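Please keep the sequence and the model in view while reading.

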Amino acid sequence: MPAVSKGDGMRGLAVFISDIRNCKSKEAEIKRINKELANIRSKFKGDKALDGYSKKKYVCKLLFIFLLGHDIDFGHMEAVNLLSSNKYTEKQIGYLFISVLVNSNSELIRLINNAIKNDLSSRNPTFMCLALHCIANVGSREMAEAFASEIPRILVAGDTMDSVKQSAALCLLRLYKTSPDLVLMGEWTSRVVHLLNDQHMGVVTAAISLITCLSQKNPDEFKTCVSLAVSRLSRIVSSASTDLQDYTYYFVPAPWLSCKLLRLLQCYPPPEDGAVKGRLVECLETILNKAQEPPKSKKVQHSNAKNAILFEAISLIIHYDSEPNLLVRACNQLGQFLQHRETNLRYLALESMCTLASSEFSHEAVKTHIETVINALKTERDVSVRQRAADLLYAMCDRSNAKQIVAEMLSYLETADYSIREEMVLKVAILAEKYAVDYSWYVDTILNLIRIAGDYVSEEVWYRVIQIVINRDDVQGYAAKTVFEALQAPACHENMVKVGGYILGEFGNLIAGDPRSSPLVQFNLLHSKFHLCSVPTRALLLSAYIKFINLFPETKATIQEVLRCDSQIRNSDVELQQRAVEYLKLSSIASTDVLATVLEEMPPFPERESSILAKLKKKKGPGAVSVTDLEDSKREGGELNGGSDRGPDSGAMAASNASTPSPSADLLGIRSAAPIGAAPTSAGSLLVDVFSEAGPAAPSAAVNDDGFLSSAPPSEDPATLLSEADELLNKFVCKNNGVLFENQLLQIGIKSEYRQNLGRMYLFYGNKTSVQFASFTTTVSCPGELQSHILSLNVQTKPVEPLVEGGAQIQQVLNIECLTDFSEAPLLNIKFRYGGALQNLSLKLPVTINKFFQPTEMTSHDFFQRWKQLSLPQQEAQKIFKANHSMDTEVLKAKLLGLGTALLDDVDPNPENYVCAGVIQTKGQQVGCLLRLEPNGQAQMYRLTLRCSKDSVSMRLCELLAQQF
C-alpha cells in the first residue's frame with residue numbers, strides 16, 4: 001500500500017484499517033467489511049459525482065479488502081477512471097488496483113490499454129513508469145500484442161529518461177518470457193546491445209538482464225554483445241570502490257552487474273578476437289587476485305558480494321575450458337574454500353570442483369584435494385554437503401585412486417544418510433567396474449556393497465556383476481568361491497542369495513572339488529536361505545537347483561525330493577508351482593544329453609555399455625554422469641546385459657524360460673504336460689522334437705523342413721463357427737494363458753509368447769471323458785483378408801497324435817509370423833470321433849494385432865509431441881462407452897500392461913487417466929500406437945482414444961479394447 005502522508009491522509013482509509021485490526025473475531029471482521037462494501041457501493045451508484053480523492057480512497061479500501069481474502073465484484077470501472085487523472089497518487093492507486101484485480105480476459109482491457117497508451121506517449125517519466133510497471137505486472141499475451149512493438153522504441157529513444165529505460169527493459173523482458181513469439185527485436189537489436197555502453201549503471205543492469213535472455217534464444221543475433229560486455233566488465237573490475245560510489249556495495253563495485261556480465265559471457269564461446277580475449281583473461285585474473293586480498297570489511301555482505309563475483313568468474317573459466325593457468329588457479333581457490341567455516345561456501349566449492357574435475361587441464365589439480373574431500377564426506381554435518389563431496393569423489397576418480405575412493409565410499413555407506421544411499425551404491429558399482437584392473441577386486445567390492453547396503457542395491461547392479469562374471473573366464477572360479485563364503489553368514493541379504501544362486505548354478509562345479517564346498521554342501525547352503533526369500537528369488541533358486549542336477553548328478557535324488565514336496569508342486573504361487581512341476585518332470589524323463597543341452601552354461605553376453613549409468617542419470621546429481629555417458633546411455637536405451645531389460649533369471653537358466661503362468665490347474669492336473677522349452681530362438685525346436693512326437697500330416701497342409709504344417713485354406717465342409725467364438729477371443733486380448741474352450745468332452749488350454757513379429761502358441765487338448773478320442777485332427781485356417789493374395793499371417797502347426805486316450809492330454813505347437821497388420825483372427829477347426837460319432841467344432845484362435853506390440857517408454861514431452869504429429873483424422877479412433885467391468889485401478893493397469901504396451905506414469909496432466917505407448921512389429925513395417933484411456937467413475941463411462949501411424953490399426957485396436965473395460 002502507498003504510504004499515507006499528512007498531505008494526503010485518506011483518513012477514512014486509516015479509520016477503516018484500524019477498525020479491522022480491532023475486530024475481536026472473524027464474524028466481526030466480516031460484518032465490518034460488509035458494512036463498508038455497502039457504503040462504497042452506494043457511493044459509486046449515487047447521483048452525486050465523486051471527486052478524484054474520494055474515488056482513490058474507496059478504490060484503496062476495495063484493494064485492502066481484496067488483500068484480506070474477500071472477493072471484489074465492483075469498483076473496476078472507477079479504478080479505470082483513475083488512470084485518466086493527472087495526479088500521481090490517484091493514477092498510482094488506479095494502476096495498483098488493475099495490476100492486482102483485473103485479469104487479461106476482462107471486458108475493460110481495451111479501456112485500460114488506451115489509458116496505458118496515453119501515458120506512454122505523454123513523455124511524463126513518472127506516468128510512463130507507472131504504465132510500464134502495470135504492463136509488466138499483468139504480463140498477459142494481450143498486453144504483449146498491444147505494446148511489444150512500442151516498448152523497444154521507448155527503450156532506445158535518445159530522449160527517454162534513464163529511469164524509464166530501466167522500466168522499459170525489465171517490462172520487455174517480462175513480455176518476452178511470457179510471449180517470445182510476439183517480441184521481435186529486428187531493427188532494434190544493435191541499439192539494444194549498445195545499451196551496455198550507457199553511462200547510467202542502472203540502465204546497463206536492466207538491459208543486460210534483457211540481453212542475456214534474448215541471447216539464450218538467439219545467440220547469433222546478439223553476438224556483438226560479447227566485446228561490449230568484456231569492455232564494461234573490465235572497467236568495473238579495474239575501478240576502485242570510490243569510482244562507482246552509487247553502485248558500490250560494501251566496498252565491492254557493482255557486484256550485481258558484474259555477475260550478470262559474467263553470466264552473459266557464458267552464453268558464448270571464448271572471443272575469437274585476440275585483444276578482446278586478452279582483456280577478458282586479464283579481468284578474470286584480476287578477480288582471482290582480489291579473492292586473495294584481505295577483506296576490506298568483516299561484514300558478511302562484503303564477503304557474499306565478493307564471492308558471488310568469484311564463483312561466476314570460475315563458472316566462466318570452466319565454461320571456456322581453454323585456459324589451463326586459470327583452471328588450475330580456480331581449482332586452488334576452490335580448494336581453500338573446502339575448509340572455510342561457512343557451510344554455503346564449502347557446498348559451492350565442492351559443486352564447482354565437480355565440474356572442474358571433468359577438464360583435462362584441471363583434473364590433476366582437483367585430485368590433490370582428495371584427502372580434504374574424504375574428510376568432508378566423513379565429518380560434514382549437513383547432508384547436502386556430504387552428497388556434493390561424494391559427487392566430487394566420483395568425478396575425480398581414475399585408475400590411480402579408484403581403490404582408495406571406492407574403499408572410502410564403502411566405509412561411508414555404513415553410516416550414510418538413507419536419502420543418498422541408492423545413489424552412492426550406483427556410483428560405487430560404476431567406479432568398481434570402470435576402473436577394475438583385477439576383476440577379483442571388482443567381485444569383492446560388489447559383494448561387499450551388497451553386504452553393507454543390500455536394500456539399496458538395485459537389480460541393475462547385481463545383473464551387471466552376473467554379466468561380467470559370465471563374460472570373464474578368469475574370475476568365474478573366484479566368484480563362485482567368494483559368493484559361497486559370503487552365503488555362510490547367518491544374516492545374508494536377499495540380493496546376495498540371488499547372486500549366489502545364479503553363480504553357483506552356473507559355476508559351482510569350479511569349487512566342487514573342495515570337500516568344504518561339495519555339491520551337497522552348496523545345495524544345502526542355498527536351500528537353507530530358500531524359506532526366507534521372496535517369490536522371485538525362490539524362482540531363481542529353483543532354476544539353480546535344476547542346474548545342479550546337470551552339473552552334479554549325485555544331487556539328483558535330493559533335489560527331486562525337494563521339488564516333489566507339497567510346498568513346491570502345490571505352491572499357491574503359480575510361478576513356483578509350475579517351475580517345480582516342469583523341472584521335476586524334466587529331470588525325470590529327459591536323457592543326459594537332452595538335459596545337458598537344455599541346461600548348458602550361459603553364453604557370454606554381448607558387450608554393451610553398463611545400464612547402471614542410465615539408472616544413475618535419473619538421480620541427476622551434479623557431476624554424477626558426464627554428457628558423453630548420458631548420451632551413450634540414451635543410445636543404449638538402458639538395455640541390460642546386451643539386449644533387454646530382463647534380469648539374468650529371465651534368460652539365464654534355459655529351462656526357466658518355460659515358467660510362464662499356468663493355463664489352468666485342471667489342465668496341468670489331468671496328465672503330466674510336457675515341459676515347454678527355452679526361447680523359440682534357441683532350443684525351442686529341439687524341445688518340441690524331443691517331447692512331442694510328430695503325428696501324421698494333415699493332407700491339406702504342406703509340411704516344411706522343421707516338421708511344421710503351413711496354415712491350410714478353409715475346409716470345404718467347415719464346422720459352423722461357435723456362437724461364443726468372439727467372446728472367447730475377447731477373453732485373451734489382454735492375456736496369453738488360460739482355458740480357451742471347454743465342454744463336457746474337451747478342454748482346450750492355451751499358452752503363448754510373442755517377441756517382435758514372431759509368436760509361439762502351445763495348445764493343450766484334454767480328453768475329459770474315459771473314452772478314447774479317435775481320428776483326432778486339427779486344422780488352422782486363415783479366412784478373409786488373411787487368405788488374400790497378400791498374406792497377413794503365416795501360421796505353421798505341428799501335427800497332433802490321432803488318438804487321445806481317456807483322461808489324457810496332448811500338446812500342439814504353433815509358430816506364428818505377422819507379415820502385415822490384420823483384423824481377422826485365424827480359425828481352429830477340430831475333428832474327432834467320440835463313441836463312433838463325429839465331433840466337429842470351429843473357433844477363433846486368440847491371435848490379435850496387439851500381440852505383436854513392443855512396449856515403448858516415453859517422457860511426457862515426447863508423448864504429446866508424437867500425439868500432435870499423429871493428428872490426421874484417419875489416424876485417430878475414439879470410442880465412448882459404458883463400463884462393462886469394475887473400474888478398479890489395479891485391474892485396469894493389469895489389462896493395459898497385458899495389452900502389450902508400456903504404461904506411462906506421470907505423463908497425462910490428469911492423474912486418473914491412463915496413457916500407453918507401443919510399436920506393433922510386423923515383417924513389413926512398424927506401426928507406432930499411442931493410447932489414452934479416460935475413466936469417469938461417477939458416470940461409469942470411459943473415453944478411449946487411439947492414434948496410430950496406420951488408420952486400420954487404430955480402428956481395430958479401438959474395437960478390441962472397448963470390450964475389455
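A residue is called buried when its relative accessible area is under 20%, exposed when over 50%, and partly exposed in between, with a 1.4 Å probe and protein chains only. The model is predicted, so that local features need pLDDT of at least 70 and side-chain atom pairs count only at pLDDT 80 or more, while totals for chains, interfaces and linings use all residues. Residues are numbered from 1 along each chain as its sequence is written, and side-chain values use heavy atoms, leaving out hydrogens and water.

**Overall make-up**

- The protein has 42 helices and 17 strands; these are DSSP runs numbered from the N terminus, helices being H or I of at least four residues and strands E of at least two.
- Of the 965 residues in the protein, 53% are buried.
- Among contacts between residues at least 6 apart in sequence, 69% join residues at least 24 apart, where contact means heavy atoms within 4.5 Å.

**A three-stranded sheet**

- Three strands form an open sheet in the order β7-β10-β11, with antiparallel pairing; two strands pair if DSSP finds at least two bridges between them.
- Strands β7 (773–781) and β11 (837–844) stand at the edges with a single partner strand each, so one side of each has no neighbour in the sheet.
- From one strand to the next, the twist averages 15°; axes are lines fitted to C-alpha atoms, for helices over the stretch in contact, and angles run from 0 to 180 degrees between N-to-C directions.
- Strand β7 is joined by seven bridges to β10 (residues 827–834), and the two run antiparallel.
- Opposite Val-780 stands Leu-828 in β10.

**Salt bridges**

- A salt bridge is a side-chain nitrogen of Lys or Arg within 4 Å of a carboxyl oxygen of Asp or Glu, and by this rule the count is 37.
- Another salt bridge joins the side chains of Lys-481 and Glu-485, at 3.0 Å from N to O.
- Lys-481 and Glu-485 both belong to helix α26 (residues 473–487) and are four residues apart, about one turn of the helix.
- An α-helix has 3.6 residues a turn, so residues three or four places apart point the same way.
- Lys-481 is partly exposed at 44% relative accessible area, and Glu-485 is partly exposed at 42%.
- In the salt bridge between Arg-956 and Glu-959, the closest N and O atoms are 3.6 Å apart.
- Arg-956 and Glu-959 lie three residues apart, about one turn, in helix α42 (residues 951–962).
- Arg-956 is buried, with a relative accessible area of 17%, whereas Glu-959 is partly exposed at 42%.
- A network of salt bridges links Asp-19, Arg-32, Glu-36 and Lys-61.

**Helix α22**

- The 12 residues of α22 should span 16 Å at 1.5 Å a residue, which agrees with the 16 Å between its end C-alpha atoms; the expected span is 1.5 Å times one less than the number of residues.
- Among the buried residues of α22 are Ala-402, Ile-405, Met-409 and Tyr-412.
- The buried residues of α22 pack against α20 (370–379), α21, α23 (418–434) and α24 (439–453).

**Individual residues**

- Asn-757 is in the loop between β5 (746–755) and β6 (758–767) and is buried, at 14% relative accessibility.
- Leaving aside neighbours within four places in sequence, the contacts of Asn-757 include Ile-816, Cys-818, Phe-852 and Thr-922.
- Asn-495 lies in helix α27 (residues 494–507) and is buried at 7% relative accessibility.
- Not counting residues up to four places away in sequence, Asn-495 touches Ile-450, Gly-454, Val-457 and Trp-462.
- Lys-868, in helix α40 (residues 860–869), is exposed at 63% relative accessibility.
- Lys-868 and Arg-947 are 79 residues apart in sequence and 9.6 Å apart in space, C-alpha to C-alpha.
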